[in-house]
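Here is a short report on helix packing and backbone geometry in one model. Please have the sequence and the coordinates at hand.

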Amino acid sequence: MDLRFGDSKPTDEERAAVDALLGPPESSWEGADRSDADLRWARGGREARDRRDQLLPALHALNDRVGWISEGALDYVCRRLTVPPAEAYGVATFYAMFSVRPRPATVLHVCTDLACTAAGASELCAAVESRLGPQSGVKVERSPCLGLCERAPATLTIRAGTPARPAFEDEAVQAESGGPGAAAPGDGTGKGRRGRNTLHATAVCAPATPARAIAAATAPESAPTEPAPETAVPQTGTPTLTLLHRIGTADPTSLDDYRAHGGYTALRRAFALGPAAVIREVTDAGLVGRGGAAFPTGRKWQATAAQPDHPHYLVCNADESEPGTFKDRVLMEGDPYALVEAMTIAAYATGAHRGYLYLRGEYPRALARLTHAIEQARTRGLLGDDVLGQGYAFDIEIRRGAGAYICGEETALFNSIEGHRGEPRSKPPFPVEKGLFGKPTVENNVETLVNVLPILTMGAEAYAAIGTPTSTGPKLFCVSGSVARPGVYELPFGATLGELLTLAGVRDNLRAVLLGGAAGGFVRPDELDIPLTFEGTREAGTTLGSGVVMAFDDTVPLPRLLLRIAEFFRDESCGQCVPCRVGTVRQEEALHRIADRTGAAAADDIALLREVGRAMRDASICGLGQTAWNAVESAIDRLGAYE
């Protein structure tokens with residue numbers, strides 16, 4: 001038996017939000033007024049079922065317009081897309097940014113993750129909650145990482161209502177889209193209004209104080225201006241930068257400025273080489289995935305290109321939700337055209353004509369910049385039916401995430417795009433065989449794709465000469481915590497952890513360094529000679545992960561950090577498999593019990609933690625459960641956290 005919503009009806013505003021995305025209903029079966037023809041036969045069901053992937057955008061449309069998703073609105077979406085109500089309810093309740101219960105139109109998200117916790121997020125949140133009562137019309141929610149770790153503590157205000165430009169939007173973008181308050185330029189699909197990513201009102205406040213956070217939430221006109229992306233790149237202006245050289249020097253809203261700084265040189269060379277030769281260049285360069293798994297990119301591309309089943313798809317994973325990670329945000333905000341160009345090259349090499357950019361919902365400025373960049377590229381013939389006059393068709397559609405760390409796993413991301421709960425799939429089959437919509441799919445993260453540009457412009461041999469023989473090229477590191485100059489740093493593979501922290505200005509009394517984020521591991525202050533390569537960190541018994549480096553001095557209570565990591569994994573577990581669903585809860589319970597105990601008093605719970613951790617690592621379906629114990633284990637074994 002399916003879920004029923006009874007007599008709940010959508011309001012006119014809710015209908016308008018959904019119809020703006022999907023177009024008006026064509027029959028009473030989809031929610032229009034009943035006609036004589038509708039009484040004789042059902043029609044439109046097949047077409048509606050083919051649009052199941054519009055479920056997540058439809059939920060976003062409702063949440064952006066009203067602030068929450070009512071039963072009547074959800075029922076209307078189900079009728080429009082012929083999705084069973086129980087399944088739609090399961091999707092709506094899966095994401096942290098949605099609510100199926102009434103709440104104010106303004107929601108203030110206060111980050112309470114690792115970097116912000118170390119910077120006083122708990123005190124910030126308590127102060128904001130005490131001042132913003134029910135009469136304020138603002139809902140305060142404690143949030144996982146907002147990707148603003150270099151400016152911790154951070155808040156993000158999201159205000160529902162009619163589509164509006166973010167307060168920080170660039171004047172150049174406003175002018176091209178009709179001025180402030182205009183709908184977002186382009187729709188990401190080339191299909192007019194349908195599929196459009198409307199930009200709701202947002203305000204980012206980082207570093208945040210109670211007064212600034214409250215002002216941003218209650219007085220939109222006083223929302224702080226967000227700093228330029230180059231403020232997150234302490235190396236801005238360094239001539240040796242490879243991936244970050246345009247950030248701070250080229251206007252991220254101008255396609256002409258991007259081309260004046262070398263943009264689209266790589267795509268022209270790709271067309272000159274041909275798909276097979278592009279894959280060979282990427283393979284010879286030794287490029288591996290920068291999201292943490294370090295899988296050879298050329299091998300993935302070749303496996304996808306060789307599949308006889310068509311169509312092929314390209315998916316860019318821009319859902320960086322690992323606490324402490326913000327490099328992809330900086331790239332997308334500061335150099336958006338580079339990602340558009342890199343996606344076009346990857347699609348050309350693998351035989352894809354459709355690309356999806358899955359962008360985390362907490363990145364409003366990245367959404368604005370990329371939406372504008374895609375529209376401009378399409379207008380100038382760099383996307384569409386005939387890219388650069390080469391007879392190759394390719395286009396990109398942006399899909400917004402809604403607050404689910406698990407959607408960083410590639411198959412969970414596919415499920416999310418398709419309109420299902422973002423739960424990982426069992427492998428095999430692998431995505432290169434059956435990925436998005438059951439077709440061959442290549443999936444890469446933002447940093448991996450952007451590395452393709454220098455490979456083609458400088459050549460595979462020159463690129464491979466950077467770094468070490470087994471970890472080639474440059475790497476971006478997200479440095480935050482107890483350092484003087486937090487931000488994104490670009491170094492060649494092989495630089496040591498100590499060299500990186502020296503650049504960032506590590507403070508005195510260093511207590512520990514977390515590598516790889518919540519899914520990574522801690523190292524001691526006497527281990528700073530670890531080479532920052534995949535093999536070097538592996539030999540040292542830790543992980544490089546996605547490039548997170550969080551430094552903590554002796555003022556940060558380590559047990560409190562470990563408890564926050566455990567809470568994070570408990571909240572973010574999708575619950576599909578028992579080892580992760582139960583194990584993350586048991587891990588958090590044990591850490592609560594031993595928060596104020598050490599030595600023999602904590603021995604039994606530490607033994608339990610080890611047993612639970614081994615079970616999660618050995619039996620969980622995906623990387624979330626397999627790595628949920630890593631940081632806690634390293635803190636116990638390397639730092640003596642409870643001795």
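The crossing of H16 and H17 is right-handed. Handedness is called left-handed if the near helix is turned anticlockwise from the far one by less than a right angle, and right-handed if clockwise. This is a predicted model: local features need pLDDT of at least 70, side-chain atom pairs count only at pLDDT 80 or more, and totals for chains, interfaces and linings use all residues. Residues are numbered from 1 along each chain as its sequence is written, and side-chain values use heavy atoms, without hydrogens and water.

Two packed helices are described by the angle between their axes and the distance between the axes. Axes are lines fitted to C-alpha atoms, for helices over the stretch in contact, with angles from 0 to 180 degrees between N-to-C directions. Helices (H or I, at least four residues) and strands (E, at least two) are DSSP runs, numbered from the N terminus.

| Helix pair | Angle | Axis distance |
|---|---|---|
| H16 (residues 336-350) and H17 (residues 364-379) | about 55° | 9 Å |
| H26 (residues 600-619) and H28 (residues 630-639) | about 140° | 10 Å |

From H16, Pro 336, Tyr 337, Leu 339 and Val 340 take part in the contact (heavy atoms within 4.5 Å). Their partners in H17 include Arg 369, Leu 370 and His 372. By class, the contact of H16 with H17 has eight nonpolar, two polar and one charged residues. Ala, Val, Leu, Ile, Met, Phe, Trp, Tyr, Cys and Pro count as nonpolar, Asp, Glu, Lys and Arg as charged, and the others, Gly among them, as polar.

The crossing of H26 and H28 is left-handed. Ile 606, Leu 609, Arg 610 and Arg 617 of H26 meet Asn 630, Glu 633, Ile 636 and Asp 637 of H28. This contact of H26 with H28 divides into three nonpolar, one polar and four charged residues.

Now the backbone. Most residues other than glycine have a negative phi, and most peptide bonds are trans. A cis bond joins His 310 and Pro 311, with omega about 5°. Pro 311 sits in the loop between H14 and strand S5 (312-318). Another cis bond links Lys 427 and Pro 428, with omega about -5°.

Tyr 264 is not a glycine, yet has a positive phi of about 70°. Is Tyr 264 buried or exposed? Tyr 264 counts as buried, at 1% relative accessibility. Buried means under 20% relative accessible area, exposed over 50%, partly exposed in between (1.4 Å probe, protein chains only). Phe 437 also has a positive phi, about 55°, and is partly exposed at 30%.
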